[in-house]
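Thanks for coming. I will keep this short and stay with what can be read from the coordinates.

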Amino acid sequence: MKTAFRAKPPRYPGSWDEFPAGDNIKRAVETVCNDYAQRIFGYHFVKVGNLSAQIQLLESPIHHQINHTPDFTSSERVKHEKRGSEPNDGAGNEPNTTRNEPRNENFVIGQAHKLPFSENSVDGLLLANELDFAQDPHEILREVDRVITQDGHVIISGFNPLSLAGVAKYLPVKRDNILHDARFFSSYRIKDWLHLLGFEVIEQRQIMFSTLFFQQRWGGAAKVQHYLSSYLPWCSAVYVILAKKRVVPMTAIRPKRAIKPQFSTMGASARTTSQKQKGHV
């Protein structure tokens with residue numbers, strides 16, 4: 001097994017549009033993440049990375065969501081996309097905040113392996129294929145473990161190496177495609193890292209059964225997707241994991257029961273007294 005650290009950092013995607021099937025991947029990941037997000041409660045939710053920032057968690061009960069992106073350009077792109085997806089009033093005016101949108105969404109510029117948040121302060125985190133384009137995914141997961149609260153949740157999506165996309169990654173097709181730079185960590189490896197950090201995997205879903213290197217134009221693709229998801233779920237191109245931080249409470253050590261000394265009251269004085277009584281008799 002190759003080491004997770006890479007001396008040369010891979011190309012980092014600015015948006016889902018850089019993938020040939022980026023829009024399909026985004027919609028599939030977004031559907032699962034919204035389902036998972038409904039189970040996460042608290043005050044603060046952080047979406048780490050450019051791809052995560054473009055995932056809209058409209059079903060999340062946490063209204064304060066933070067988009068953590070590596071540069072200012074990515075933040076502006078996300079803002080523009082979200083403005084474009086909002087309905088207007090027909091007169092070109094700025095739309096008002098609707099019922100389904102997050103009430104408070106902020107943008108923070110920084111690196112994923114150096115999250116600018118205090119310890120035990122974030123209730124939920126989203127890493128949408130962030131580990132696949134990380135130079136050292138261990139550093140990112142250690143930062144997630146540092147900032148997450150007790151019983152906090154993390155959602156992680158990634159590319160599956162045991163899939164058609166994993167095979168196409170090593171074929172000489174579309175070498176300029178950024179998917180060739182993706183790490184394609186298996187879900188078993190990600191779950192093993194999470195277990196070492198004290199996380200419990202709650203659920204995992206397999207989505208997208210295709211090479212991801214080409215747009216799906218065949219009409220029967222939906223039927224094939226349904227068939228593969230039912231009978232061959234392990235070969236999906238993308239997986240999404242929901243994990244929860246588990247903190248074992250400290251239990252007080254009971255003091256050992258005091259050992260009673262083996263001491264008898266019958267001593268030398270008692271024997272002397274009994275002998276004197278016999279002499280008087």
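I will go through a strand, the cores, a helix and a surface patch, in that order.

First, the ground rules. This is a predicted model, in which local features need pLDDT of at least 70 and side-chain atom pairs count only at pLDDT 80 or more, while totals for chains, interfaces and linings use all residues. Residues are numbered from 1 along each chain as its sequence is written, and side-chain values use heavy atoms, with hydrogens and water left out.

Start with strand β1, residues 45–48. Helices (H or I, at least four residues) and strands (E, at least two) are DSSP runs, numbered from the N terminus. Which way do the side chains of β1 point? Phe45 and Lys47 go one way, Val46 and Val48 the other. In general, side chains in a regular strand alternate between the two faces of the sheet. All four of these residues, Phe45, Val46, Lys47 and Val48, are buried. Buried here is under 20% relative accessible area, exposed is over 50%, and partly exposed is in between, with a 1.4 Å probe and protein chains only.

β1 has pairing partners, where pairing takes at least two DSSP bridges between two strands. With β2, residues 64–69, β1 pairs in the parallel sense over four bridges, and Lys47 sits opposite Asn67. With β4, residues 122–128, β1 also runs parallel, joined by three bridges; there Phe45 faces Gly124.

Now the cores. A nonpolar core is a set of buried Ala, Val, Leu, Ile, Met, Phe, Trp, Tyr and Cys residues joined through side-chain atoms within 4.5 Å. The largest has 34 residues, and Phe19, Ile25, Ile155, Phe159, Leu212 and Val238 touch the most other members. Two or more residues each come from α1 (22–37), β4, β5 (148–159), α5 (164–168) and β7 (238–245). α1 gives the most, seven residues.

Take Leu212 as an example. Contact means heavy atoms within 4.5 Å. Apart from neighbours within four places in sequence, Leu212 is in contact with Pro20, Ala21, Ile25, Phe159, Ala165, Leu179, Ala237 and Val238. A second, separate core holds 27 residues, including Leu131, Leu141, Phe185 and Ile241.

On to helix α6, residues 187–196. Ser187, Arg189, Ile190, Lys191, Trp193 and Leu194 are buried there, and their cover includes α4 (137–147), β5, β6 (199–207) and β7. Trp193 counts as buried because its relative accessibility is 10%. Leaving out residues up to four places away, Trp193 touches Ala4, Pro137, His138, Leu141 and Phe185. Trp193 and Leu141 are 52 residues apart along the chain, with C-alpha atoms separated by 8.1 Å. Just after α6, Gly198 takes a positive phi of about 90°.

Last, Tyr188, also in α6. Is Tyr188 buried or exposed? It counts as exposed, because its relative accessibility is 56%. Together with Leu162 and Trp234, Tyr188 makes a nonpolar surface patch of about 390 Å².

Key. Patch = residues over 30% accessible without salt bridge, like charges linked within 9 Å, V, L, I, M, F, W, Y side chains within 5 Å. Areas by Shrake-Rupley, 256 points an atom, 1.4 Å probe, with all protein chains shown as cover. Salt bridge = Lys/Arg side-chain N within 4 Å of Asp/Glu carboxyl O.
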